[in-house]
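I opened the notebook today to walk through one model, beginning with a pair of helices.

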Amino acid sequence: MKKLLPTSTAGSLPKPSWLAQPETLWSPWKPEGQDLVDGKLDALRLCLDDQLKAGIDIVSDGEQTRQHFVTTFIEHLDGVDFAKREIMKIRNRYEASVPSVVGEVARRKPVFVDDAKFLRQQTSQPIKWALPGPMTMIDTLYDGHYKSREKLAWEFAKILNQEAKELEAAGVDIIQFDEPAFNVFFDEVNDWGIAALERAAEGLKCETAVHICYGYGIKANTDWKKTLGTEWRQYEEVFPKLQKSSIDIVSLECQNSHVPMELIELIRGKKVMVGAIDVATNTIETPEEVAETLRKALQFVDADKLYPCTNCGMTPLSRRVANGKLNALSAGAEIVRRELLAK
């Protein structure tokens with residue numbers, strides 16, 4: 001994008017209260033039937049309007065048509081039984097009841113492509129669309145069929161590539177793969193995780209991104225962060241190999257985190273979506289706080305490659321708080337943009 005410091009969001013944005021219970025993950029839909037179909041599109045329009053009014057440059061669907069960033073995609077695939085559930089740990093952190101892989105996984109039809117076409121009709125702004133990454137998908141399922149995390153990841157990578165190519169054809173400018181699991185399973189990431197990610201992005205002409213964060217602002221994640229010490233150096237494990245990958249953009253968490261900013265140097269040459277908004281608090285950042293995070297990041301990433309962003313998705317927050325944070329993100333980016341252009 002030609003604009004200096006174009007702003008974006010990492011993922012989900014809060015849904016309207018008439019569509020789903022606010023501030024809740026996996027919240028069930030309130031409308032049913034055609035009302036639900038229409039309601040999702042209405043929410044998508046409203047979410048876009050919120051982003052545009054806040055001055056967000058690269059807009060998204062805010063995941064308004066999905067209950068969850070991973071499971072909604074998986075629900076549309078063959079080979080996964082949502083009635084056959086098992087208890088397992090997600091990202092070695094918290095237990096959850098997850099569906100089971102019971103046969104060959106396959107995508108018989110597009111999942112989000114119609115939603116992407118609808119969003120493209122509503123705006124001329126660049127669009128970023130998030131998909132779950134292969135490793136994060138396998139970490140959200142019980143595999144009773146392949147019995148190999150790597151094999152299942154490669155199958156999902158092929159499926160994601162099919163969806164990504166159709167999203168690109170629908171007018172999406174950036175396709176992002178969400179891989180919070182990259183912050184946990186370092187050996188697997190370097191052995192085959194990044195290769196599977198590249199397979200998911202294979203052949204795309206639009207820009208590609210990977211989002212690696214420390215999770216939503218939910219208790220299981222905030223408790224985990226307390227165990228990580230005064231410096232969070234997880235990115236150090238995967239950035240060297242990611243820097244050599246074909247992925248264009250790396251989206252990461254910076255605001256109010258203990259991630260040493262200098263780790264960004266390890267992906268020098270990549271475009272970097274710098275998380276300048278903390279999604280684990282209801283406190284709305286001031287524009288100057290956002291600006292200060294961006295100034296620190298500019299020591300390690302060139303200005304034309306820095307994209308101000310949020311740390312993660314904001315579904316667990318209220319719309320009022322989320323909109324306040326989006327406005328702060330835009331205002332903070334504008335402060336630094338003017339400083340750079342004045343030089």
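Contact here means heavy atoms within 4.5 Å.

The axes of α1 (residues 33-54) and α10 (residues 319-341) come within 8 Å and cross at roughly 35°. Each axis is a line fitted to C-alpha atoms over the stretch in contact, with angles running from 0 to 180 degrees between N-to-C directions. I noted the crossing of α1 and α10 as right-handed, meaning that the near helix is turned clockwise from the far one by less than a right angle.

**Ground rules.** This is a predicted model, in which local features need pLDDT of at least 70 and side-chain atom pairs count only at pLDDT 80 or more, while totals for chains, interfaces and linings use all residues. Residues are numbered from 1 along each chain as its sequence is written, and side-chain values use heavy atoms, with hydrogens and water left out.

**Whole protein.** I found 10 helices and 9 strands; these are DSSP runs numbered from the N terminus, helices being H or I of at least four residues and strands E of at least two. The C-alpha trace spans about 60 × 45 × 40 Å along its principal axes. Buried residues make up 58% of the 343, where buried means under 20% relative accessible area, exposed over 50%, and partly exposed in between (1.4 Å probe, protein chains only).

**Cysteines.** How many disulfides does a search of the whole structure find? The search gives 0, with a disulfide taken as a pair of cysteine sulfur atoms within 2.5 Å. The sulfur of C206 is 16 Å from the closest cysteine sulfur, in C309, so a bond is ruled out by distance. C309 is in no disulfide either, as the nearest cysteine sulfur, that of C312, is 9.7 Å away. C206 is buried at 10% relative accessibility, and C309 is buried at 0%.

**Helix α3.** In α3 (residues 113-122) I listed V113, D115, A116, F118 and L119 as buried. They pack against α1, β2 (94-107), β3 (128-132) and α5 (149-169).

**Loop between α1 and α2.** D61 sits in this loop. Is D61 buried or exposed? D61 counts as buried, at 3% relative accessibility. Setting aside residues up to four places away in sequence, D61 touches L44, C47, R66, L119 and W129. E63 lies in the loop between α1 and α2 too, and E63 is buried at 4%. I flagged its phi near 55°, a positive value in a residue other than glycine.

**Another positive phi.** N256, in the loop between β7 (249-253) and β8 (271-275), has phi near 60° and is not a glycine. N256 is exposed, with a relative accessible area of 56%.
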